[in-house]
Amino acid sequence: MKVVIVGAGSVGSSIARELLAHKHEILLIDLKPEVIGRSGLRGAHWLVGDACELSTLQDAKLEDADVVVSATGDDKVNLVVSLLAKTEFGVGRTVGRVNNPKNDWMFNDSWGVDVAVNTPQLMTALVEEAVEIGDLVRLLTLQTGVSSLVEFTVPHDSHAIGLTVGSIDWPEDSTLVAILRDQAPITPSRDDVIDGGDELFFVTTIAAEEQLRELLSPGSGESQEQPPGPDEIQAAAQAESLEGDGFEG
């Protein structure tokens with residue numbers, strides 16, 4: 001996969017380093033030639049220039065890129081690059097870094113952004129994911145704000161424990177994509193049984209998040225008919241035995 005990364009600062013370089021480790025073809029674009037020497041990125045290709053200039057992107061042969069990542073520290077640059085990548089070069093996927101959370105609303109398909117990465121928001125989500133057991137946590141917004149990746153940690157007193165994935169009536173626009181149990185990922189099937197402490201990961205529309213939250217909340221299963229317990233079964237058996245012996249009330 002060919003990935004073009006605009007901005008070779010700490011964020012862009014870190015992304016490039018990870019992608020190079022996974023054997024992807026990387027081209028970095030930056031205004032400052034000195035970043036090439038200090039980046040320590042072996043195997044990456046470089047282009048020095050202004051990525052907001054159409055000629056620079058043409059030199060980069062952006063039309064051949066599978067993904068364009070706008071990772072500069074300037075939201076205006078990231079928006080312009082994403083827009084040009086989409087409208088002028090037809091890049092299939094764009095990822096835009098959001099530096100100022102107040103600008104998050106602009107990082108959508110109107111500006112050619114497929115995925116907006118809001119670092120403060122993502123860090124907040126990771127903190128919440130670590131401490132919020134029993135509540136739905138949004139980890140990432142996907143597809144220009146329409147869908148999201150969310151996580152739910154099953155409390156040990158949850159009504160969902162013991163139920164199979166296939167027996168739960170999930171919201172129409174929500175899909176369970178993974179279960180993390182004892183640090184091991186599981187691809188969910190209809191027969192998998194939910195256990196306390198499981199981390200459930202869903203891809204869902206943002207509109208359906210509340211339905212998912214209501215379904216998984218601790219109180220949502222209280223009104224459902226529960227199977228009889230051992231004491232109730234024993235009492236019913238004794239009553240049936242008395243009736244059979246002619247001792248009707």
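Me: Is Lys 86 buried, partly exposed or exposed?
Reply: The classes rest on relative accessible area, where buried means under 20%, exposed over 50%, and partly exposed in between, with a 1.4 Å probe and protein chains only. Lys 86 has a relative accessible area of 25%, so Lys 86 is partly exposed.

Me: What kind of model is this, and how are its residues numbered?
Reply: This is a predicted model, in which local features need pLDDT of at least 70, side-chain atom pairs count only at pLDDT 80 or more, and totals for chains, interfaces and linings use all residues. Side-chain values use heavy atoms, with hydrogens and water left out, and residues are numbered along each chain as its sequence is written, from 1.

Me: Which residue meets Lys 86 in a salt bridge?
Reply: Side chains of opposite charge can pair when their charged atoms come close. A salt bridge is defined as a side-chain nitrogen of Lys or Arg within 4 Å of a carboxyl oxygen of Asp or Glu. For Lys 86, the N to O distance is 3.0 Å, and the partner is Asp 114.

Me: How many residues apart are Lys 86 and Asp 114?
Reply: Helices (H or I, at least four residues) and strands (E, at least two) are DSSP runs, numbered from the N terminus. Lys 86 belongs to helix 4 (residues 75–87), while Asp 114 is in the loop between strand 5 (93–98) and strand 6 (115–118). The pair thus links distant parts of the chain, and the separation is 28 residues.

Me: Is Asp 114 buried or exposed?
Reply: The relative accessible area of Asp 114 is 17%. Because of this value, Asp 114 is classed as buried.

Me: How many salt bridges does a search of the whole structure find?
Reply: One of them joins the side chains of Lys 76 and Asp 74, at 3.5 Å from N to O. Another joins Arg 213 to Glu 210, with the closest N and O atoms 3.1 Å apart. For the whole structure, the search gives four.

Me: Where do Arg 213 and Glu 210 lie?
Reply: Arg 213 is partly exposed at 26% relative accessible area, and Glu 210 is partly exposed at 41%. The two residues are three residues apart, about one turn of the helix, and both lie in helix 6 (residues 209–216).

Me: What is phi of Asp 182?
Reply: Asp 182 is located in the loop between strand 9 (174–181) and strand 10 (184–186). With a relative accessible area of 72%, Asp 182 is exposed. Its phi is a positive value in a residue other than glycine, near 55°.

Me: Which residue's side chain makes a polar contact with that of Thr 153?
Reply: Thr 153 is part of strand 8 (residues 147–153) and is buried at 9% relative accessibility. A polar contact is a pair of N or O atoms within 3.5 Å; within protein, one must be able to donate a hydrogen and the other to accept it, and residues adjacent in sequence count only if both atoms are side-chain atoms. Here the contact is 2.5 Å, and the partner is Glu 151.
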